[in-house]
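Here are my notes for you, written as numbered points. Have the structure open beside you as you read.

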Amino acid sequence: PFTVQRVLPILREAMAAEDVLISDVGSHKMAIARNFPTYEPNTCIISNGFASMGIAVPGGVAADLAMDSRIVAATGDGGFLMNAAEIETATRMDCEFTIVLFNDDDYGLISEKQVAQTGESFGTELSNPNCVEFAESFGIEGYHPESREELRSALSAALEGGLSLVEIPIE
């Protein structure tokens, strides 16, 4: 099964040193901050401070318009759902970046904190749409890898150009 920690080395391998990763907020953010090596300045952008969920997709739009680099917008399903409609903006603006969607059908970090404080979580499970079909409804390529080799192939294809979504089911 995929975990964020197991996916990050494969993602890093697929990205060039000058490619830019924008991280949304959530449990994946913590793994990225701790485990994603960077080789060039300003190539890993992580929302901190108030750390609002949902920054990845609109951040991908902004980065693509501002930079001449390949962009990866890493997000969890909770953050993705907050601004998923920005895929329309991205297609309208002819943006080219890759959305890496870590999907665990939950507000994972919120669940973890609730369980730590109360022993249970409440209201954090998500009923997600089929995210690949959702992406394709905007005319972009969608991938749902089920193995490490499929993940390598999907990331390679996604990073070749165009706007795309790679949905990774997370344990």
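1. Buried here means under 20% relative accessible area, exposed over 50%, and partly exposed in between, with a 1.4 Å probe and protein chains only. Helices (H or I, at least four residues) and strands (E, at least two) are DSSP runs, numbered from the N terminus.

2. A word on the source: this is a predicted model, in which local features need pLDDT of at least 70 and side-chain atom pairs count only at pLDDT 80 or more, while totals for chains, interfaces and linings use all residues. Residues are numbered from 1 along each chain as its sequence is written, and side-chain values use heavy atoms, with hydrogens and water left out.

3. Which strands does S1 run parallel to? S1 is joined to S3 by four bridges, in parallel, and to S2 by three bridges, also in parallel. Two strands pair if DSSP finds at least two bridges between them. Leucine 21 is a handy residue to look at: valine 72 in S3 stands opposite it, and cysteine 44 is its bridge partner in S2.

4. Now the whole sheet. It is open, with six strands in the order S2-S1-S3-S4-S6-S5 and parallel pairing. Strand S2 (44–46) and S5 are at the edges with a single partner strand each, so one side of each has no neighbour in the sheet. From one strand to the next, the twist averages 15 degrees. Five bridges pair S3 with S4 in the parallel sense, and alanine 73 stands opposite isoleucine 99 in S4.

5. Helix H8 (residues 148–159) has twelve residues and spans 16 Å from first C-alpha to last, close to the 16 Å expected at 1.5 Å a residue; the expected span is 1.5 Å times one less than the number of residues. Its buried residues are Leu151, Ala154, Leu155, Ala158 and Leu159. Viewed down the axis of H8, they fall within an arc of 120 degrees, so they line one face of the helix; the arc is that of the directions from the helix axis to the C-beta atoms.

6. What do the buried residues of H8 pack against? Their partners are helix H1 (4–14), strand S3 (71–76), strand S4 (98–103), strand S5 (141–143) and strand S6 (164–169), where contact means heavy atoms within 4.5 Å. H8 is followed by glycine 161, whose phi is positive, near 145 degrees.

7. Serine 153 also lies in helix H8, and it counts as partly exposed at 48% relative accessibility. Serine 153 and alanine 14 are 139 residues apart in sequence, with their C-alpha atoms 9.4 Å apart in space.

8. Finally, the aromatic rings. The structure holds two aromatic pairs; rings of Phe, Tyr and Trp (its six-membered ring) pair if their centres lie within 6.5 Å, and planes under 30 degrees apart count as stacked, over 60 as edge-to-face and the rest as tilted. Phenylalanine 80 and phenylalanine 134 have ring centres 6.1 Å apart and planes at 85 degrees, so this pair is edge-to-face. Phenylalanine 80 is in helix H4 (residues 77–83) and phenylalanine 134 in helix H7 (residues 131–136), so the pair ties together parts 54 residues apart in sequence. Phenylalanine 134 also forms an edge-to-face pair with phenylalanine 138, at 5.1 Å centre to centre and 70 degrees between the planes.

Conventions
Axes are lines fitted to C-alpha atoms, for helices over the stretch in contact, and angles run from 0 to 180 degrees between N-to-C directions.
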